[in-house]
Amino acid sequence: MNQTHIYKHIKSYLSLTLVLVLCTTGTIFAKQVTPKKWFHESSEFTPDSRVNYGALANGMRFAWMANPEPKDRCYARLHVAVGSLNEEEHEQGLAHYLEHLVFHGGKNFPNNTLISRFQENGMAFGEDLNAYTSFDETVYQVNLPSCTKDTLKMALDFFQDTASGLTFNDDDVNRERPIIDAEDSTGDTPDSRIRMKKYDHLLDGTRYPKRAHVIGTKSIRDKFTAKTARHFYKKWYRPENMTLVLVGDLQDENPEKQIADAFSSFKGLSENPAVTPAMGTPTLDRLLYVIAQKTTSNVAVGLNFINKDRKKSFTIKSARKNINLSLALQMLNRRLTRALQTNDVPFVNVGAYQFYFMDERLGGISMSAQPLLH
């Protein structure tokens with residue numbers, strides 16, 4: 001929900017060098033819709049045998065793992081493969097707006113009773129009940145104080161509403177408007193504005209620059225109505241775009257029947273699956289650029305690179321390459337940090353980095369110095 005958290009999530013998500021993959025030992029229900037493949041199905045790595053995965057006939061996937069620590073706790077996530085990149089021009093910011101509207105509740109939690117019901121069961125909004133939206137995903141999070149069938153049902157009821165049971169009205173849409181405006185204002189910093197302008201240059205020719213500000217723009221958000229939100233919801237919140245993940249102290253209980261009971265009847269609200277828009281290809285025709293930001297106190301200079309070398313499969317060779325590069329960058333940054341502790345360098349901050357931004361590998365080195373005074 002917090003814009004700063006979103007960018008932290010993007011950075012960590014794109015720079016992972018150790019990946020938890022899910023095993024293939026769970027039950028696959030009769031396939032009427034072909035589910036999306038799991039990550040490990042195109043990987044050379046052996047998946048963790050403790051994790052069970054499966055899919056419902058409607059194409060919705062699930063994965064679960066019994067883990068006794070911490071005792072009694074359960075952690076549930078509903079991953080929706082929809083984010084700002086799925087938005088049309090007149091919908092910029094709508095994926096994030098919809099994330100907010102989910103917490104007004106639906107058929108299982110009518111009349112804005114969702115948060116109070118969870119609080120009555122010892123869970124805090126923001127800490128145990130939360131969500132975030134990124135470029136290509138929206139993730140709903142529930143941390144349960146226990147793994148009983150009743151508490152798990154509460155989480156599944158919430159996810160059931162999120163998936164197909166939302167009831168939209170203009171009062172809820174209008175109620176969220178100042179909250180999202182305030183969130184937008186808080187995240188509007190010199191660093192964020194510079195980051196957006198970097199995307200304009202590095203990823204020119206793709207869909208990303210206009211969707212990099214996940215929260216959208218106020219002039220477009222002001223036009224959102226319940227009808228707008230409902231249209232986006234029906235278009236993208238479909239079973240084949242969703243994955244349920246459950247980890248916790250299940251005490252030898254298999255949760256698959258509860259998951260199936262909650263979601264087997266879930267069907268897409270629109271007739272046909274929506275087609276994900278084309279992302280485009282970076283033009284890389286502006287290799288030298290200057291970003292002027294008067295409200296920042298330092299002068300920054302950077303050298304960036306972008307390589308479209310990310311493969312669809314995760315191989316041992318690519319993992320070794322990424323680990324070696326990560327270690328090299330860590331060693332370089334340690335040396336640069338030591339240099340900062342002397343008085344012989346002309347900069348006040350410096351660092352090298354690399355990360356994956358969707359299908360692109362970006363990296364470089366940047367440094368900043370105090371501006372010259374005239």
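## Cavities

The largest cavity in this predicted model has a volume of about 60 Å³. A cavity is a set of points, on a 1 Å grid over the protein atoms alone, where a 1.4 Å probe fits but cannot get out. Grid points are joined across faces, edges and corners, and the volume is the space filled by probe spheres set on the points. Counted in this way, there are two cavities of 30 Å³ or more.

The largest cavity is lined by Leu101, Val102, His104, Gly105, Leu166, Thr167, Phe168, Asn169 and Asp172, where a lining residue has an atom within 4 Å of a point. By class, this lining has four nonpolar, four polar and one charged residues. In this grouping Ala, Val, Leu, Ile, Met, Phe, Trp, Tyr, Cys and Pro are nonpolar, Asp, Glu, Lys and Arg are charged, and the others, Gly among them, are polar.

## Basis of the values

The model is predicted: local features need pLDDT of at least 70 and side-chain atom pairs count only at pLDDT 80 or more, while totals for chains, interfaces and linings use all residues. Residues are numbered from 1 along each chain as its sequence is written, and side-chain values use heavy atoms, with hydrogens and water left out.

## Backbone geometry

Most residues other than glycine have a negative phi, and most peptide bonds are trans. Glutamate 69 and proline 70 are joined by a cis peptide bond, with omega about -5°. Proline 70 is placed in the loop between β2 (61-66) and β3 (74-80); strands are DSSP runs of E with at least two residues, helices are runs of H or I with at least four, and both are numbered from the N terminus. The loop between β2 and β3 also holds aspartate 72, whose phi is positive, near 75°. Aspartate 72 is partly exposed because its relative accessibility is 31%, the classes being buried under 20% relative accessible area, exposed over 50% and partly exposed in between (1.4 Å probe, protein chains only).

Proline 70 and glycine 248 are 178 residues apart in sequence, and their C-alpha atoms are 7.8 Å apart in space. Glycine 248 belongs to strand β6 and is buried, at 4% relative accessible area. In the loop between β6 (242-248) and α10 (256-263) lies aspartate 252, which is not a glycine but has a positive phi of about 70°. With a relative accessible area of 83%, aspartate 252 is exposed.

## Salt bridges

Side chains of opposite charge can pair when their charged atoms come close. There are 13 salt bridges, each defined as a side-chain nitrogen of Lys or Arg within 4 Å of a carboxyl oxygen of Asp or Glu. One of them pairs glutamate 88 with lysine 235, with the closest N and O atoms 3.8 Å apart. Glutamate 88 lies in the loop between β3 and α2 (94-102) and lysine 235 in helix α9 (residues 226-236), so this pair ties together parts that are 147 residues apart in sequence. Both partners are partly exposed: glutamate 88 has a relative accessible area of 32%, and lysine 235 has 23%.

Other bridges lie within a helix. Aspartate 157 and lysine 153 meet at 2.9 Å, N to O; both lie in helix α4 (residues 149-165), four residues apart, or about one turn of the helix. Aspartate 157 is buried at 15% relative accessible area, whereas lysine 153 is partly exposed at 43%. Aspartate 261 and lysine 257 also form a salt bridge, at 2.9 Å from N to O. Their positions are four residues apart in helix α10, about one turn. Aspartate 261 is exposed at 52% relative accessibility, and lysine 257 is exposed at 60%. Elsewhere, salt bridges with shared partners join Asp181, Asp184, Lys218, Arg221 and Asp222 into one network.

## Nonpolar surface patch

Val299, Val301 and Met367 form a nonpolar patch on the surface, with about 240 Å² of accessible area together. Such a patch joins nonpolar side chains (Val, Leu, Ile, Met, Phe, Trp, Tyr) within 5 Å, from residues with over 30% relative accessible area and no salt bridge; like charges are joined within 9 Å. Accessible areas come from the Shrake-Rupley method with a 1.4 Å probe, and for residues only the protein chains shown count as cover. Valine 301 is part of strand β7 (residues 299-307) and is exposed, with a relative accessible area of 54%.

Note on methods
On a 1 Å grid over the protein atoms alone, a cavity is a set of points where a 1.4 Å probe fits but cannot get out, and a pocket is an open set with protein on both sides within 12 Å along at least five of seven lines; lining residues have an atom within 4 Å of a point.
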